Amino acid sequence: MKLLGTPGSPYARKVRIVLAEKRISYEYVIDRPSSPETQVPQFNPLGKIPVLVCDDDRAVYDSVVIVEYLEGLVAEPRLIPAAFSDRIEVKRWEALGDGIADATVAISHDLREPEAQRKPAPWYERQRQKIQRGLAVMERDLGDREFCHGAGFSLADIAAGFALAYLDQVLKDVDWRRDFPQLKKLAARLATRESFAATAPAV
Ligand SMILES: N[C@@H](CCC(=O)N[C@@H](CS)C(=O)NCC(=O)O)C(=O)O
């Protein structure tokens, strides 16, 4: 199978961490949807990465669906619990991670525009509040436990980890380590994990 993505895409990294955890081999194809040569729309009509192209040429998108697909394809290690309420909890963590990444992507893309064309200050404030509130809920729900959900590593930890790492990558002024000490410890633990270390974007 092939994964279309870019080193800068947080959602592609989330999928790559899952692939690494499950030790699934794949071809990683760097494909920027903004490039005139992109193949992404051939596989995803929405023109977004990540896209997983299976060996039978079936394309799976977006990252939430890809992760669910990989969980069904290779059962171990289990990243999404089978029990209904645990499953929903872990998916809620995934929604938090994705939502924090969505707001971070929105800000970082707008900051690339010439100053006169940028969104107004209240729009920036709304995006930053999404990030801050999302992090506050992660901090509260993690508490002083080792893992974001239950007694072991799961997609919930991947969700928190990729979103925090992406914040470090593109919004360096957000000092989340100062405000959220439990997330700070979590991120330090996750950074040493093989799947995170192997997929960390070059600095
Ligand atoms: N919800 C999607 C978000 C994917 C997404 O927004 N990808 C960005 C890159 S980080 C993209 O491909 N943008 C190109 C575009 O929207 O044209 C997912 O989780 O896969």
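In the predicted model, residues Q127, I131, G134, L135, M138 and L142 of helix α5 are buried. Viewed down the axis of α5, these buried residues fall within an arc of 95 degrees and so line one face of the helix. Their packing partners are α4 (84–111), α6, α7 (176–179) and α8. On the other side of α5, the exposed residues are A121, P122, E125, R126, Q129 and R140.

Helix α5 itself spans residues 121–142, 22 residues in total. The distance from its first C-alpha to its last is 31 Å, close to the 32 Å expected at 1.5 Å a residue. The residue that follows α5 is G143, which has a positive phi, near 55 degrees.

Two of the helices against which the buried residues of α5 pack, α6 and α8, also pack against each other. Helix α6 comprises residues 155–170 and helix α8 residues 181–191; the angle between them is about 95 degrees, and their axes lie 10 Å apart. Because angles of 65 to 115 degrees count as roughly perpendicular, α6 and α8 are assigned to that class. On the α6 side, the contact is formed by D157, A160, G161 and L164. Helix α8 contributes L183, L186, A187 and L190. By residue type, the contact of α6 with α8 consists of six nonpolar residues, one polar residue and one charged residue.

Note on methods. Residues are numbered from 1 along each chain as its sequence is written. This is a predicted model: local features need pLDDT of at least 70, side-chain atom pairs count only at pLDDT 80 or more; totals for chains, interfaces and linings use all residues. Axes are lines fitted to C-alpha atoms, for helices over the stretch in contact, and angles run from 0 to 180 degrees between N-to-C directions. Helices (H or I, at least four residues) and strands (E, at least two) are DSSP runs, numbered from the N terminus. Angles under 35 degrees count as roughly parallel, over 145 as roughly antiparallel, 65 to 115 as roughly perpendicular and the rest as oblique. Two residues are in contact if their C-beta atoms, placed from the backbone, lie within 7 Å. Ala, Val, Leu, Ile, Met, Phe, Trp, Tyr, Cys and Pro count as nonpolar, Asp, Glu, Lys and Arg as charged, and the others, Gly among them, as polar. The expected span of a helix is 1.5 Å times one less than its number of residues. A residue is buried if 20 or more other C-beta atoms lie within 10 Å of its own, exposed if 12 or fewer, and partly exposed in between; C-beta atoms are placed from the backbone. The arc is that of the directions from the helix axis to the C-beta atoms.
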